[in-house]
Amino acid sequence: MLSYQHIYHAGNLADVQKHALLAVMLDYMGQKPKPMSYLETHAGRGVYQLNAEAAVKTGEAEAGIGRAEDWFDADHPYMRALTAVRAKHGAQAYPGSPALAVALTRAEDTLQFCELHPQEAEALRGAMRGSGAKVHQKDGYETVMGICPPTPRRGVLLIDPSYEIKSDYKTLPNMIAHVHRKWNVGVVALWYPVLRDGLHKPMITALKDKNFPKVLHHEVSFPAAREGHRMIGSGMFILNAPYGLEQEAAHLTACFAEINS
Ligand code: SAM
């Protein structure tokens, strides 16, 4: 049974890295007058209330988006999505990746989200109501492999597991290679935690060995959320990375360097 709930971590520094890069990718893809597909294997509930007991308890959002909002101009796509979600869901709301995608895509784009946890999927359906996005309460890996190549073929896939199942680190490189074989033009973005014990490292080596095209590999480090916490940073491995993303990655690297100094 799945126990991970993103509300404890929503808006933390790992989300800031992932969501800022995702927002820039979607903004760029949306500038061309051709429709696109947007898919997620692990969607979460879509919108988080940062004054919820679980979020306040960990303090991760306060140490994350609470301090990072100043890193971005008001017209940065991440901030545009944050403003749009707060206008709709209240001043304490924070956009998970599905809400970010809804805010930054157009009516002609096709959005599909997988979320296995029954309560999270139910909340996601509520958050997505009226957006036209499709929610699958199914295993994200199998569902996305079945959908790829999506229609339209231009598009982005976000793979954002909670890594509760440790074999994910081993199976992800082959899963991504499989998706890439079926959908060679797709932008595929994988998020992963940077762990003190280095458990993520063989996965990165295996991904690099695949020689995917136009890879952007970006890692940031930050203080552990709590003493003894294993996550000391986060990473994004993106293939077919859109133009302009390196510049955003460099901006994030500089911002994270400040909090570590
Ligand atoms: N992508 C979200 C965001 O950035 O706002 C956060 C997603 S959270 C890290 C991971 C989610 O994956 C959890 O809500 C969990 O219930 C869900 N999940 C876990 N295993 C899954 C699977 N095999 N298929 C689909 N969803 C899964």
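Biologist: In this predicted model, what does the side chain of His76 reach at 3.0 Å?
Modeller: The side chain of His76 reaches the backbone nitrogen of Tyr78 at 3.0 Å.

Biologist: What makes this pair a polar contact?
Modeller: A polar contact requires a pair of N or O atoms within 3.5 Å.

Biologist: Why is His76 called buried?
Modeller: Buried means under 20% relative accessible area. His76 has 11%, and is therefore buried.

Biologist: Where is His76 found, and which residues is His76 in contact with, leaving aside its neighbours within four places in sequence?
Modeller: His76 is found in the loop between α4 (65-68) and α5 (77-89). With those neighbours left aside, its contacts are Ala20, Val24 and Glu248. Contact here means heavy atoms within 4.5 Å.

Biologist: How do you know that the radius of gyration of the protein chain agrees with that of a compact globule?
Modeller: For 261 residues, a compact globule would have a value near 18 Å; the protein chain has 17 Å, which agrees. Along the principal axes, its C-alpha atoms fill a box of roughly 40 × 40 × 40 Å.

Biologist: What share of the protein chain is buried, and how many helices and strands are there?
Modeller: Buried residues account for 53% of the 261 residues. The protein chain has 11 helices and 9 strands. Of the contacts between residues at least 6 apart in sequence, 76% join residues at least 24 apart.

Definitions and conventions:
Residues are numbered from 1 along each chain as its sequence is written. This is a predicted model: local features need pLDDT of at least 70, side-chain atom pairs count only at pLDDT 80 or more; totals for chains, interfaces and linings use all residues. Side-chain values use heavy atoms; hydrogens and water are left out. Helices (H or I, at least four residues) and strands (E, at least two) are DSSP runs, numbered from the N terminus. The radius of gyration is taken over C-alpha atoms; the globule rule is 2.2 Å times the number of residues to the power 0.38. Buried means under 20% relative accessible area, exposed over 50%, partly exposed in between (1.4 Å probe, protein chains only). A polar contact is a pair of N or O atoms within 3.5 Å; within protein, one must be able to donate a hydrogen and the other to accept it, and residues adjacent in sequence count only if both atoms are side-chain atoms.
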